[in-house]
Structures are given as C-alpha cells and as structure tokens.
Amino acid sequence: MQHEETGAPADAVPAEVISAGPRKRPKPGERRVQILQALASMLEQPGADRVTTAALAAKLDVSEAALYRHFASKAQMFEGLIDFIEQSVFTLVNQVTERDGTGQEQAARIISLLVQFAEKNPGMTRVMVGDALVYENERLQSRMNQFFDKIESTLRLALRGAASAEGSATPTVDAQVRAAALTAFLVGRLQRFARSGFRRMPSEHLDASVGLML
C-alpha cells in the first residue's frame, strides 16, 4: 500500500516491505499491519480469485489461527483496508475543500486525487469498486457505498457555490446533477481499471473528460 502523495495519516497502514531476514517476534500491532499489507498485495494480482484466509496465511507463512488472533474475521481485515482508504482519501479531500479556489477547481482536484490514489493502490481499487467484496459481508459493500455518497455530497457542496456564481436559477439542482455525473464517471473509471487487470489507467484523458462535465 503506497503512501506517496496519498496523504495517508502517519498511523495508517505503512508501506514498509516485510523483511525476509530471520523471523523476529512482531511488535504490538505490527502483525496486524503485515496481514493487511499481504491482503492488499494479493488483491493487486490481476485476475485474482477470492482471497481466502488459507492463502493469506500461506503468504505470511503463519497458521490461519494466527490470523484470527489479530482479526476476529476476514471481514475485519477488509474493514482495516477500508479504514485506510477512508483516512487517506478524506484527509486529502478536506485539504482541497479548505483551500481557496472555485467550486469547479475543487471538484476537479477531488476527482484527480481519487484517481491518483487508485493508480498508486490498485489492490485498494478492487475494494473501492466492490470487486473484492462480492463474497464478503454485506456491510463492507455498504461502507464503500457510503464512501462514494460522501464524495458525491462533497462535490455537490463545492459545485453549488459555483452554480450560484454563474447565475444559475437552480444552483442546487445544477450542483446535484454535476456531482452525480462526476461520481458516476469516477466509479466507472475505477471499475474499468480494476476489471482490465489494471491496464486501462483511470487518469487517461482525465482533465478533458472532467472538463466536459464542469
């Protein structure tokens, strides 16, 4: 999981590579981080099937019981990845909305930062679009739905001011339409990225595409 330019908090899942040297007893919390890193790494494999706890344990060279000493279920492991996504993305989104700039500029920047996050964290992209959650607990998909609802709401707030400044007679409606279109566009780009085996980059012609909607 990469942190470069993602704005992830210092205490989020770090990107250190698990050492291949002599095995040492992990520090408190370190094994949890290693488990989440391994899960994210497995999700980055194009065409990967459902990740099982047996395969995850094998990758870490531990028993399945060892995994469950740190997470009560596989759903909790995915929740750890979703926590990382939410913390990383919304830290940056808040920075964008707190800066000066037009609503269109803020909206374009929010879409851009989400695309950048996805390209730097392809395994996370499969979680974001739900591909990795198909056979998992329904609450995980619900959390990702809420994530994109919050993104759309943030875009709507930014664009309402822009619509008012443009002299729109219905700024709220205009903002809702644009925010919904941008969010649908974003989800579509991320889905194409994941389902193409990470070959079709979501940043392809991004500025021009967003410009058409703004």
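Me: What is the secondary structure of the chain?
Reply: This is a predicted model, and its chain has nine helices and zero strands. Along the sequence the pattern reads α-α-α-α-α-α-α-α-α.

Me: How much of the chain counts as buried?
Reply: The chain has 214 residues, and 44% of them count as buried.

Me: And what share of the contacts comes from residues 24 or more positions apart?
Reply: Such residues account for 65%, taken over the contacts in the chain with a separation of 6 or more.

Me: Let us turn to α7. How many residues does it have, and how far does it reach?
Reply: Helix α7 runs over residues 138-165. It has 28 residues and spans 41 Å from its first C-alpha to its last, close to the 40 Å expected at 1.5 Å a residue.

Me: Which residues of α7 are buried?
Reply: They are L140, R143, M144, F147, F148, I151, T154, L155, A158, L159, A162 and A163.

Me: What covers them?
Reply: The cover includes α4 (74-98), α5 (103-120), α6 (122-128) and α8.

Me: How do α5 and α7 pack?
Reply: Their axes are 7 Å apart, and the angle between them is about 155°. An angle over 145 degrees counts as roughly antiparallel, so α5 and α7 are roughly antiparallel to each other.

Me: Which residues make that contact?
Reply: From α5 come G103, Q104, Q106, A107, I110, I111 and L114. From α7 come F147, I151, T154, L155, A158, L159 and A162. By class, the contact of α5 with α7 has 10 nonpolar, four polar and no charged residues.

Me: At what angle do α7 and α8 cross?
Reply: The axes of α7 and α8 (residues 171-195) cross at roughly 140° and come within 7 Å. The two helices are therefore oblique to each other. Their crossing is right-handed. The contact of α7 with α8 divides into 12 nonpolar, four polar and five charged residues.

Me: What about α8 itself, how many residues and what reach?
Reply: Helix α8 has 25 residues and reaches 36 Å between its first and last C-alpha, close to the expected 36 Å at 1.5 Å a residue.

Me: Which of its residues are buried, and what covers them?
Reply: In α8 the buried residues are P171, A175, A179, L182, T183, F185, L186, R189, L190, F193 and A194. What covers them includes α5, α6, α7 and α9 (206-213).

Me: Where is T172, and how does it count by accessibility?
Reply: T172 is found in helix α8. Its relative accessibility is 34%, so T172 counts as partly exposed.

Me: How many residues separate T172 and R156 in sequence, and how far apart are they in space?
Reply: T172 and R156 are 16 residues apart in sequence and 8.1 Å apart in space, C-alpha to C-alpha.

Me: New topic: what is the phi of D61, and where does the residue lie?
Reply: Phi of D61 is near 60°, a positive value in a residue other than glycine. Most residues other than glycine have a negative phi. D61 lies in the loop between α2 (53-60) and α3 (64-68).

Me: Is D61 buried or exposed?
Reply: D61 is exposed, with a relative accessible area of 52%.

Me: And F198, what is its phi, and is it buried or exposed?
Reply: F198 has a positive phi near 70° and is a residue other than glycine. F198 sits in the loop between α8 and α9. At a relative accessible area of 14%, F198 is buried.

Me: Which residue follows α8?
Reply: G197 follows α8, and the phi of G197 is positive, near 70°.

Technical notes: Residues numbered from 1 in each chain as written. Predicted model: local features only at pLDDT ≥ 70, side-chain atom pairs only at ≥ 80, totals over all residues. Heavy atoms only, no water. Axes fitted to C-alpha atoms, helices over the stretch in contact; angles between N-to-C directions. Helix = DSSP H or I, 4+ residues; strand = E, 2+ residues; numbered from the N terminus. Parallel < 35°, antiparallel > 145°, perpendicular 65-115°, else oblique. Left-handed = near helix turned anticlockwise from the far one by under 90°. Nonpolar A, V, L, I, M, F, W, Y, C, P; charged D, E, K, R; others polar. Expected span 1.5 Å × (residues − 1). Buried < 20%, exposed > 50% of the residue type's maximum accessible area, 1.4 Å probe, protein only. Contact = heavy atoms within 4.5 Å.
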